[in-house]
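Dear colleague,

I am handing over the structure we spoke about, with notes on what was found in it. Please look through it with the notes beside you.

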Amino acid sequence: FIYLDYQATTPCDPRVVETMLPYFTDYFANSHSDHSFGQRANQAVETAREQVASLLGVLAQEIIFTSGATEANNIAIQGAVKYRLKQNHTARQVITVCTEHKSVLEVVNALAEWGIDVVTLPVNREGLVDHEALKEALQTPTLLVSIMAANNETSIIQPVNELAKIAHEYGAIFHCDMAQIIGKIDHLSLENIDLASLSGHKIYAPKGVGVLYVRRKPRVRLSPLFYGGYQERGIRSGTLPVPLIVGMGKACEIMCQEGKEEAQCLIYYKKLLIDGLKHNIVNIKINGSIKKSLPGSVNLHFPGVQALDILNRIPHLCLSTGSACTVSSLMPSYVLLAMGLSKEEALQSFRLSFGRMTTQAQVREVIDALSCAYHDIMAGR
Ligand code: PMP
C-alpha cells in the first residue's frame, strides 16, 4: 500500500524508536526519583526538553510535556481562562476560528459553562481569517484568542504571528495549535505566541506524547486542569512517560537537522502530483491556496465525482476524506464548508499528504491511480 495520510499521523522514525528503547527496559526509573537511576531518567527528559526547545527556538523552561496536542489545547485554553477568571479579570470573551481542530472548538464551546462568550470567526475561500474581523471581535474585552497555524484538513497556513500581535494590542492571550506545522516549514517563529500545542505523532515520534509551549517573558500563567504530584511545574501533574518524551526529543532533533531538506523534497513531490493530476484531469481543483499550505499536503477537489467513489477504487492508497479525528467520511468536511464550498463540492474533495517515507515512484503511482479511478467513474466503468 502507499501511505498518503501523514496529516492524520506519521510512523515512528526508526531512529526515534531506537533512542526510546533503553528507556523502557534499562533506564526505566521514575524521572522524579532522587536516586541516581532516577536522575539518569531525569537527564533524558531534560535533554528532550532542550531538543524540543531548540526546534521551536524557545527556552527549555518553556516546554511542558503532555499526552498530545489535544491535552495541550485543553490545558492552554481552559488553564489560561481559569487563571484569568480567578484573577478577577473582567473580560468574558474567547475568540477562535470555525476551521479549528475539534480539540480547540469543543474546549472553547465547553467554556460556556463558565459564563464565557465564544466568538467563532469565519474564514474566506482561501481558508484565511480576516484581520479586520479579528480586530472587530476584539472590541469586546477578550481573555484569549486561539487560532491554529496550519489546518489539518486543508494544510492552509495562517499568519499567526500577525494575528497574535493584533490580539496583544487588545490585551488578549494568544494560543496557537501548531500540531500540523512544527518541523514542516522553515523560519517558524513563536515571537508573539503565548501558548502553543504540539503533537508527537505528527513528527515521527510516538502517539501519546505532546508539548505545550508556555511563554516565560512576559510570563503566561495557567491554572492546572488536574492536580497531583506537581510534575511539569504543576501545569501537568503525573509521572512522566520517559520513553515517549525521549522519542519526542529525538524526533525534534531530526527535524532540526533534516526538516529543511525534507520540506524541499515534499514541495517537489506536491508539485509533481498537482502538475500530473492537472495534466490528466483538466478540471481538477485545489481547495485553498497552494502557496500558503504545508509542503507535502494538498486538498483535492474532483468535480463531478464523489471522493468516496474514488477512494473505494484505490484501496491500496491510504487516504482519508477528512480529519481522522472527527467526522464520519460520509459527512462533508466542516472545514471545506466554512471555506464556502457547497456540500456537494466538499464531498468531492479529500486531503492527501506525503511525508518522510514517500518516494518519487509512489507519487507517480498515485497520479496514475487517481487519474484512472476518476476517468473510470466518469466513463461509467
Ligand atoms: N490539533 C491538530 C491540528 C491536529 O491535527 C491534531 C491531530 N489530528 C490534534 C490537534 C490532536 O493531536 P493529538 O492526537 O496529539 O491529541
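Leaving aside its neighbours within four places in sequence, C256 is in contact with S54 and L55, where contact requires that the C-beta atoms of two residues, placed from the backbone, lie within 7 Å. C256 itself lies in helix 8, helices here being DSSP runs of H or I with at least four residues and strands being runs of E with at least two, numbered from the N terminus. C256 counts as partly exposed because it has 15 C-beta neighbours inside 10 Å; by the rule used, a residue is buried if 20 or more other C-beta atoms lie within 10 Å of its own, exposed if 12 or fewer, and partly exposed in between, again with C-beta atoms placed from the backbone. From C256 to Q51 the C-alpha to C-alpha distance is 8.6 Å, although the two are 205 residues apart in sequence.

Please keep in mind that this is a predicted model, in which local features need pLDDT of at least 70 and side-chain atom pairs count only at pLDDT 80 or more, while totals for chains, interfaces and linings use all residues. Residues are numbered from 1 along each chain as its sequence is written. The chain averages a pLDDT of 95, and 98% of the residues score at least 70, pLDDT being the predictor's confidence in each residue on a scale from 0 to 100. For the complex, the predictor gives an ipTM of 0.99 and a pTM of 0.97.

The chain is divided into domain 1 (2-7 + 258-378) and domain 2 (14-254), with bounds that come from an automatic or database domain assignment. The C-alpha centres of domain 1 and domain 2 lie 28 Å apart.

Turning to the ligand, 13 residues surround it, and the closest are G68, A69, T70, N152 and S199; a residue is taken as near a molecule if its C-beta atom, placed from the backbone, lies within 6 Å of it. The residues of this shell divide into 4 nonpolar, 8 polar and 1 charged.

S199 also has a place in the strand pairing, as the bridge partner of G210 in strand 8. Strand 7 (residues 195-199) and strand 8 pair in the antiparallel sense over 5 bridges, and two strands are said to pair if DSSP finds at least two bridges between them. Strand 2 (residues 63-66) also runs antiparallel to strand 8, to which 4 bridges join it, and here T66 has G210 as its bridge partner. Strand 8 (residues 210-214) is largely enclosed by the rest of the structure, because 5 of its 5 residues are buried. G210, L212 and V214 point one way from strand 8, whereas V211 and Y213 point the other way.

In the order 9-10-12, 3 strands form an open sheet with antiparallel pairing, and its edge strands are strand 9 (285-286) and strand 12 (349-353), each of which pairs on one side only. Strand 9 and strand 10 (residues 297-301) pair over 2 bridges, with I286 standing opposite L300 in strand 10.

R233, in the loop between strand 8 and helix 8, has a positive phi of about 55° and is not a glycine either, but R233 is exposed, with 12 other C-beta atoms within 10 Å.

Best regards

How values were computed:
Ala, Val, Leu, Ile, Met, Phe, Trp, Tyr, Cys and Pro count as nonpolar, Asp, Glu, Lys and Arg as charged, and the others, Gly among them, as polar.
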